[in-house]
Amino acid sequence: MIRGAAIFRKLYQSSALSSKVTARYYTAQAAFYSDDESADIDWDNLGFHLMQTDFMYVTKSSEDGTFRQGQLNRYGNIQLSPSAGVLNYGQGLFEGIKAYRREDGRIFLFRPHQNAIRMQFGAERMCMASPTTDQFVDAVKQTALANKRWIPPPGKGSLYIRPLLIGSGPILGLAPAPEYTFLVYACPVGNYFKQGTAPLNLYVEEDVHRASRGGAGGVKSITNYAPVLKAMKNAKEKGYSDVLYLDAVNKKYIEEVSSCNIFLVKGNVVSTPIAKGTILEGVTRKSIMEIALDLGYKVEERSIEADELITADEVFCTGTAVGVAPVGSITYKGQRIEYKISSDLTCKQFYSRLVGIQRGVIADERDWIVEIE
C-alpha cells in the first residue's frame, strides 16, 4: 500500500509548495491516507449533498492584490472578522468544477481554465482581487489530488470542487475589502436533482426576478443565489423541480433556471437566451453549444419569448452540477406544457458526446480535458 505521503510528494512536485509546508503535512498527515484506499461510501446512492472530505486549499491576497503561495489545510471552519467585506457587503464569488476518474484510474478536470477566467471577470465586476489562471487551476488540482480517495469510481459520480473567493478583510464604510481569501474545497456528488435523471418539471416565475440589466446577474456572485431561494421553495412545495425566470424589464423573455442554463430545440435549431449581463455564461452551456455545432445543428443565442416554450420540440437544462437534464414539462400562466421524452432526444446526443469526451472514449479535439498528474 502506498501511504498518504505519496500524495504530498506529488503535491510538492506539481505545485512547488514550500519545503516547510510540505514537511509539516508530510509528517502530520501521511498516516491517514493511501493512494489506493477509497472512502467508505455507498457510491450507488451518492446524491448531491455536502459531505466532508479531507483537505481544502487556502490562500490570502497581499497588499498589492496578488495572492500568496497557498497551502492545503485539513477541511474545517475558517475565521472571519465580523466586519469582513463578504459578511457586510456580499463580496463573494464561487465556481463549480468536477474531477472525474476514468477506467484506468487516471483523474481529469473539465475545462478548469474557463472557470478561472469567469472568476476573474466576476472579481473585476465586484471590485475584488483574484488569483491568476495558473494559481486557480493549480489550487483545483491540489485539492482534487489531496481528496483523491473521495473521487467516485467511473460512472458513479464525480468530485465536485468548489473554488470560493471572498472579501475577508475588515471594512466598515461601503468599499472593497482590504484583503481577500481564495479557498477550494471538494465533495463527492451524484445527481443534482432528487429525482435523479428523471425529466425536470419547471415553473415559470412571473413576479420574482433573478437579475436585471446593469446588475451582476452575469457573474457567479454569492449575492445572486439567496434571492431565488423563496421562489424555489414555493415551487418545490408544489411539486416542481425548479424555477425558470423571466427578464425583469419586459417580463416575457426566458433567462435561466435557478441553478442552470436553458435550451430550446425546434427542428435542427438549438436556441438559448443571449448572454447580455443578466444570465450566467455556464461552462457546460458553452460546451454544449460547441458540441451542437459539431453535430450539424444550427445554434442561436437570442431573446426567447416564453410563448415559444409551447411550440418547442424539446427543452433541456445545462450546468456543471446538473449536467445535461431534459425537461418533461413547464408550467406557464397556469398552462402545463408537456414534452415528449424518448431515448433519441437531441439533448441526450449532446450529453453522450460530452460524457464521451470526459471519459476519454471520444477524442478531445479542443483540449477541454486537463489531467491531474
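This is a predicted model: local features need pLDDT of at least 70, side-chain atom pairs count only at pLDDT 80 or more; totals for chains, interfaces and linings use all residues.

Residues are numbered from 1 along each chain as its sequence is written, and side-chain values use heavy atoms, with hydrogens and water left out.

**Overall make-up**

The protein chain holds eight helices and 17 strands, where helices (H or I, at least four residues) and strands (E, at least two) are DSSP runs numbered from the N terminus. Of its 373 residues, 52% are buried; buried means under 20% relative accessible area, exposed means over 50%, and partly exposed lies in between, with a 1.4 Å probe and protein chains only. Contact means heavy atoms within 4.5 Å, and among contacts between residues at least 6 apart in sequence, 71% join residues at least 24 apart.

**Nonpolar cores**

A nonpolar core is a set of buried Ala, Val, Leu, Ile, Met, Phe, Trp, Tyr and Cys residues joined through side-chain atoms within 4.5 Å. The largest one has 45 residues, of which Ala99, Leu109, Phe136, Leu159, Ile161, Leu165 and Phe182 touch the most other members. Elements that each supply at least two residues of this core include β4 (97–101), β5 (107–110), α4 (112–125) and β6 (158–167), and the largest share, seven residues, comes from α5. At least three residues of this core come from each of domain 1 (55–189) and domain 2 (200–359), with bounds taken from an automatic or database domain assignment. Leaving aside residues up to four places away in sequence, Leu109 touches Ile97, Lys98, Ala99, Val140, Lys141, Ile161, Trp368, Ile369, Val370 and Ile372. Apart from this core lies another, of 24 residues, among them Leu200, Ile254, Leu309 and Ile337.

**The second largest pocket**

On a 1 Å grid over the protein atoms alone, a pocket is an open set of points where a 1.4 Å probe fits, with protein on both sides within 12 Å along at least five of seven lines, and its lining residues have an atom within 4 Å of a point. The second largest pocket has a volume of about 740 Å³, a volume being the space filled by probe spheres set on the points. Its lining counts 34 residues, of which Phe94, Tyr160, Arg162, Tyr192 and Lys220 lie nearest the centre. The most is given by β7, with four residues, and α6 (229–237), α7 (283–294) and β14 (314–319) are among the elements that each supply at least two.

**Individual residues**

The side chains of Asp54 and Trp150 are joined by a polar contact of 2.9 Å, that is, a pair of N or O atoms within 3.5 Å, one able to donate a hydrogen and the other to accept it, where residues adjacent in sequence count only if both atoms are side-chain atoms. Asp54 sits in the loop between α2 (19–29) and β1 (55–60). Leu145 belongs to helix α5, and its C-alpha atom is separated by 8.5 Å from that of Glu373, 228 residues apart along the chain.

| Residue | Relative accessibility | State |
|---|---|---|
| Asp54 | 5% | buried |
| Leu145 | 6% | buried |
| Lys333 | 57% | exposed |
| Asp367 | 66% | exposed |

Most residues other than glycine have a negative phi. Lys333, in the loop between β15 (323–332) and β16 (335–338), has a positive phi, near 50°. Asp367, in the loop between α8 (346–359) and β17 (369–372), has a positive phi as well, near 60°.
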